[in-house]
Amino acid sequence: MNLSNLQPAEGSTRNNKRLGRGTGSGRGGTSTRGHKGQKSRSGYSKKSGFEGGQMPLQRRVPKFGFKNINRIEYKAVNLDVLAGLTENSATTTLDSAFFVSAGLASKSAKIKVLGRGEITKALEVHAHAFSKSAIEAIEKAGGKAVTL
């Protein structure tokens with residue numbers, strides 16, 4: 001076998017419809033476009049979403065609200081969760097690697113520490129954002145809140 005005798009598998013290819021080649025071809029005359037009307041004309045193209053003059057779906061469905069494309073999504077982590085994770089361990093530095101290993105956030109997630117709960121251990125917490133109450137509670141316990 002070589003390149004000169006390669007051919008497609010049996011039945012995998014078909015001949016094109018040869019339109020407008022006379023009445024004997026079976027596809028002459030209107031060339032399978034039917035009689036008259038917009039779709040039979042050359043140059044016809046339907047706009048996507050066009051429903052024949054009826055009010056299109058994208059205009060019928062009500063729209064409201066505002067989606068800010070610049071919004072930053074944070075993964076919220078509360079102080080009581082941090083206290084629960086660190087009470088039996090010797091860990092004092094909580095960074096993004098710790099949050100990922102604890103299953104609280106994914107690698108690419110931005111983390112925000114919120115102030116629900118109490119913290120008694122002095123922790124150095126590295127996160128992308130903190131609430132005011134969380135910063136106060138961490139510093140009150142003798143720890144440090146570091147913004148990434």
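**Notes on the annotated span**

I started with the record: UniProt, in an unreviewed entry, annotates residues 77-146 as "domain: Large ribosomal subunit protein uL15/eL18". What I have open is a predicted model. I checked that span and found its end C-alpha atoms 15 Å apart, with 33% helix and 26% strand.

**Helix 2**

Which residues of helix 2 (residues 79-86) are buried? I get Leu79, Leu82 and Thr86. They sit on the same side of helix 2, because they cover an arc of only 60 degrees around the axis. Next I looked up what these buried residues pack against: strand 1 (74-78), strand 2 (93-94), helix 3 (96-101), strand 3 (110-114), strand 4 (124-127) and helix 4 (132-140).

**The core**

I then went to the largest nonpolar core, which has 18 residues. Leu79, Leu82, Leu94, Phe99, Val113 and Val125 have the most contacts inside it. Helix 2, helix 3, strand 3, strand 4 and helix 4 each give two or more residues to this core, and helix 4 gives the most, with 3.

I followed up on valine 125. Leaving out residues up to four places away in sequence, valine 125 touches Leu82, Leu94, Phe99, Val113, Phe130, Ile138, Lys144, Ala145 and Val146.

**The aromatic pair**

How many aromatic pairs does the structure hold? I find 1. It joins phenylalanine 98 and phenylalanine 99 edge-to-face, at 6.0 Å centre to centre with 75 degrees between the planes. I checked burial too: phenylalanine 98 is buried at a relative accessible area of 15%, and phenylalanine 99 is buried at 0%.

Technical notes: Residues numbered from 1 in each chain as written. Predicted model: local features only at pLDDT ≥ 70, side-chain atom pairs only at ≥ 80, totals over all residues. Heavy atoms only, no water. Phe/Tyr/Trp six-rings, centres within 6.5 Å; stacked < 30°, edge-to-face > 60°. Buried < 20%, exposed > 50% of the residue type's maximum accessible area, 1.4 Å probe, protein only. UniProt positions renumbered as here; feature names shortened; annotations may be inferred. Helix = DSSP H or I, 4+ residues; strand = E, 2+ residues; numbered from the N terminus. Arc of directions from axis to C-beta. Contact = heavy atoms within 4.5 Å. Core = buried A, V, L, I, M, F, W, Y, C linked by side-chain atoms within 4.5 Å.
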